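Here is a short briefing for a first look. Keep the model in view as you read.

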Amino acid sequence: MTPVVGIVANPVSARDIRRVVANAANLQVTDRANILLRVLAALRACGVAEVLMMPEKGGIRGHVERGVARARAHGEDPYPAIHPVAMPVTGTVEDTHRATRAMRQAGVAAIVVLGGDGTHRAVAAQCGAVPIAGISTGTNNAFPDHREPTITGLATGLAVTGRVPPHIAFAGNKRIDVAINGETPSEIALVDVALVAERYIGARALWRTENFRELYVTFADPEVIGMSAIAGLLEPVARGESGGLMVRLSPAGQPSPLSGPRPGGTILRAPIAPGMMAAVGVTDWRRMPAGVPFVPEVEAGTIALDGERELSFTARDRLSLTLRDDAFRTVNVSGCMRHAAENRLLTGTPVPVSADL
C-alpha cells in the first residue's frame, strides 16, 4: 500500500491583533491554496497518490480543487487524490484536533501543517507518533521553519515512501507540559510559555510586554520572533539539544532603554512580533533541564502558550511546567534533502563509487 499524507491547512491563521499593531504579512486564501498546490505536486512526484485533508469553511479546498481541475483540463495529473476528513466544521481549534485524531486513526504516514505556532501546537497535541511537516503561514512562526513549501513537500514525500531512512527522515522535538492542580498536562506549548500578570485573557495574542513576568522556552533562537526571541537574545538553546531556558522578567513601569537598567536587572530590546521591537526588563535566567518540574513565582495571572493567552490561574491554583525531550516527531526536511542529494534519489541513477587512488 502507498502511504497517505494528512493535510491540515488553517484558513484563519495570522488574523490576530498583531495584524494591526505590527507590520505582519497577511496571506489570503488564494495564497494558502497555492502553497498547498505546490506541496501536493511535490508529494505526487515522490509517489504519494492520496492525501487526507481537514475540511474548512475558509475556501482553501475550493481553490485547490479549481487548480486540480485546470491541470486536468490541460491533460495533466500532477496532484494526489484529495479526500476530506468526514467531520463537522465548527471554525474553531476543535476542527484541527478532530481532523488530526481522524488522520492518526486512519494511519497517515505524516501530517503537513499550514499555520502558525498555534496551529502546529493543536496538531502536536493530537498527532501521537505521526510526524509533522510544518509550513509557516501564521503571525509568529517560531516553530515552523521558513522555507519554500515545495521543498517541504518533497522531503515529506521522500520520508513517507521510505526513500530516506527513518533515523534521518524524522527528528524528535521538545514541548512544555503545563499542569494546573495536578492535571498533567492541562495544556502544552511547542515553543514558549509566558506568564502574564493580567488576570483576564482578553485579546489572546501576546504583544504588550509591560506585564510579562516569567518565560519558559523549549529552544532559544536569536533568529526568530515572538517570546522565544527574548530568550534567544540572552542565551541561545538549539532545537536539538536537551532542555530549554527559563527567564524572569521585570515588572511594568521599569526605565526605558535610554535611561538604563534597573538595579540587578537589564533592559533587552527584542522583536516580539513582525516589525515590532519591544523593551523587556530581564531580572535573571537559567537553564530548564528536561523532566524537571518548574514552579513559577507568579501567584496569579494568565498563561500564554506559543504567543497566545489560553489559561488563567489564581493564588489558589498549583501550577507547574515541565519540559519534555522527544515529545513528538517532525519531518527533518534538511536531512531528507541532503540525503536525497548525496544518494541521487531524484535522478534515478546510482551514486558513483569513488575509486581508490
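Two strands count as paired if DSSP finds at least two bridges between them. With that in hand, G6 has L52 in β2 as its bridge partner. The model is predicted.

**Parallel strands**
- Strand β1 spans residues 4-9, and strand β2 spans residues 50-53.
- β1 and β2 pair in the parallel sense, over 4 bridges.
- β2 is also joined to strand β3 (residues 81-84) by 4 bridges.
- β2 and β3 run parallel.
- V51 has I82 in β3 as its bridge partner.

**A helix pair**
- Two packed helices are described by an angle between their axes and a distance between the axes.
- For helix α2 (residues 29-45) and helix α6 (residues 149-160), the angle is about 35° and the axes are 7 Å apart.
- The crossing of α2 past α6 is right-handed.
- On the α2 side, the contact is made by I35, R38, V39, A42 and L43.
- These residues meet P149, T150, G153, L154, T156 and G157 in α6.
- By class, 6 residues in this contact are nonpolar, 4 are polar and 1 is charged.

**The antiparallel sheet**
- An open sheet is built from 7 strands, with antiparallel pairing.
- The strand order is β11-β12-β10-β9-β8-β13-β14.
- β11 (266-273) and β14 (308-313) stand at the edges.
- Each edge strand has a single partner, so one side of each is left without a neighbour in the sheet.
- From one strand to the next, the twist averages 35°.
- β13 and β14 run antiparallel and are joined by 5 bridges.

**Two buried residues**
- Where is H97 found? H97 sits in helix α4 (residues 93-106).
- H97 counts as buried because its relative accessibility is 17%, and the cut-off for buried is under 20%.
- Leaving out residues up to four places away in sequence, H97 touches A122 and Q126.
- G301 lies in strand β13 (residues 301-305).
- G301 also counts as buried, because its relative accessibility is 1%.
- Which residue in β14 is the bridge partner of G301? The partner is F313.
- G301 and T314 are 13 residues apart in sequence, and their C-alpha atoms are 6.5 Å apart in space.

Terms used
Residues are numbered from 1 along each chain as its sequence is written. This is a predicted model: local features need pLDDT of at least 70, side-chain atom pairs count only at pLDDT 80 or more; totals for chains, interfaces and linings use all residues. Side-chain values use heavy atoms; hydrogens and water are left out. Axes are lines fitted to C-alpha atoms, for helices over the stretch in contact, and angles run from 0 to 180 degrees between N-to-C directions. A crossing is left-handed if the near helix is turned anticlockwise from the far one by less than a right angle, and right-handed if clockwise. Contact means heavy atoms within 4.5 Å. Ala, Val, Leu, Ile, Met, Phe, Trp, Tyr, Cys and Pro count as nonpolar, Asp, Glu, Lys and Arg as charged, and the others, Gly among them, as polar. Buried means under 20% relative accessible area, exposed over 50%, partly exposed in between (1.4 Å probe, protein chains only).
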